Amino acid sequence: MAVEITWWGHATCAVRDSGVRVLTDPLFARRLAHLRRRRGAVPPAEAAEADVVLVSHLHADHLHLPSLALLAPGTGLVVPRGALRAVPGLARLAGARGLVVTEVVPGEKVGVRDGVRVRAVSARHDGRRVPFGPQRAPALGYVVEGSARTYFAGDTGLFDTMAEEVGPVDVALLPVGGWGPYLGPGHLDAERAARALAELAPAAAVPVHYGTYWPIGMDAVRPHEFHAPGGEFARLAGRLAPKVAVRVPGHGERVRLP
């Protein structure tokens, strides 16, 4: 079992398993609304090369239409059921770019190729397409099942049945922060992510969703919430889940797991 993970920043990861390239929540922007990229270069063009792209929920920093427009025609795109209705621009983009869109709910599986498939799982997060209106679709996580089982949690809070719903996994990509000085409900911080890790008990884990974007003009407001979550997660995981190998890559760094 071997899988390669490249963290491009925020929730954007490239997962390579059995020669299949899976891309999560692509966000390749220097700036998004009031957010600007403070760490890590904007990913290069080859970062958008994928066999399938997984979108966890409708928020613009996860379902980012300009980044999806960089995908090659024929790329598979897996989204929560209802996303095409809730985000009309997604349907137009998919048609114009020739993307193959599959809408899923928890429990459904999508085959990719070479025996690799993706299974949708539950998440606890606001599924609305804010601030554009009440359109919504359920937030999801995904398990990439190939030579390894890699759990991409998307954006989620900790919930009692997480380990049961996700099932046994080898690698966990867990959000440990956010893009602002305060985390609302439906998020994991470093401590809650370490608790989730203890329940999931994978062989290896990588912290994501921190240390990339920050609101313009707020550099001095709780800066530890920007810089610290990855290292804090690794420290707490060492105490709560000591058997899990935690890797904390830099932006654009590739790690081989386990």
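This is a predicted model: local features need pLDDT of at least 70, side-chain atom pairs count only at pLDDT 80 or more; totals for chains, interfaces and linings use all residues.
Two aromatic pairs are found in the structure. In one of them, the ring centres of Trp7 and Tyr210 lie 5.3 Å apart and the planes meet at 10 degrees, so this pair is stacked. The partners come from distant parts of the chain, 203 residues apart: Trp7 belongs to strand S1 (residues 3-9), whereas Tyr210 sits in the loop between strand S14 (204-208) and strand S15 (213-215). Both Trp7 and Tyr210 are buried.

An edge-to-face arrangement is seen for Trp214 and Phe226, with 5.3 Å from centre to centre and 75 degrees between the planes. Here strand S15, which holds Trp214, is linked to helix H6 (residues 224-227), which holds Phe226, and the two residues are twelve positions apart. Trp214 and Phe226 are buried. The ring of Phe226 also has a charged neighbour, as the charged end of Arg38 sits over it at 4.5 Å from its centre. A further contact of this kind involves Arg124, which lies over the face of Phe159 at 4.0 Å from the ring centre.

Turning to the helices, the axes of H5 (residues 190-200) and H7 (residues 229-240) come within 8 Å and cross at roughly 40 degrees. An angle under 35 degrees would count as roughly parallel; H5 and H7 are therefore oblique to each other. Their crossing is right-handed. On the H5 side, the contact is made by Ala190, Glu191, Ala193, Ala194, Arg195, Leu197 and Ala198. These residues meet Pro229, Glu232, Phe233, Leu236, Ala237 and Leu240 of H7.

How values were computed: Residues are numbered from 1 along each chain as its sequence is written. Side-chain values use heavy atoms; hydrogens and water are left out. Rings of Phe, Tyr and Trp (its six-membered ring) pair if their centres lie within 6.5 Å; planes under 30 degrees apart count as stacked, over 60 as edge-to-face and the rest as tilted. Helices (H or I, at least four residues) and strands (E, at least two) are DSSP runs, numbered from the N terminus. Buried means under 20% relative accessible area, exposed over 50%, partly exposed in between (1.4 Å probe, protein chains only). A charge sits over a ring if NZ of Lys or CZ of Arg is within 6 Å of the ring centre and within 35 degrees of the ring normal. Axes are lines fitted to C-alpha atoms, for helices over the stretch in contact, and angles run from 0 to 180 degrees between N-to-C directions. Angles under 35 degrees count as roughly parallel, over 145 as roughly antiparallel, 65 to 115 as roughly perpendicular and the rest as oblique. A crossing is left-handed if the near helix is turned anticlockwise from the far one by less than a right angle, and right-handed if clockwise. Contact means heavy atoms within 4.5 Å.
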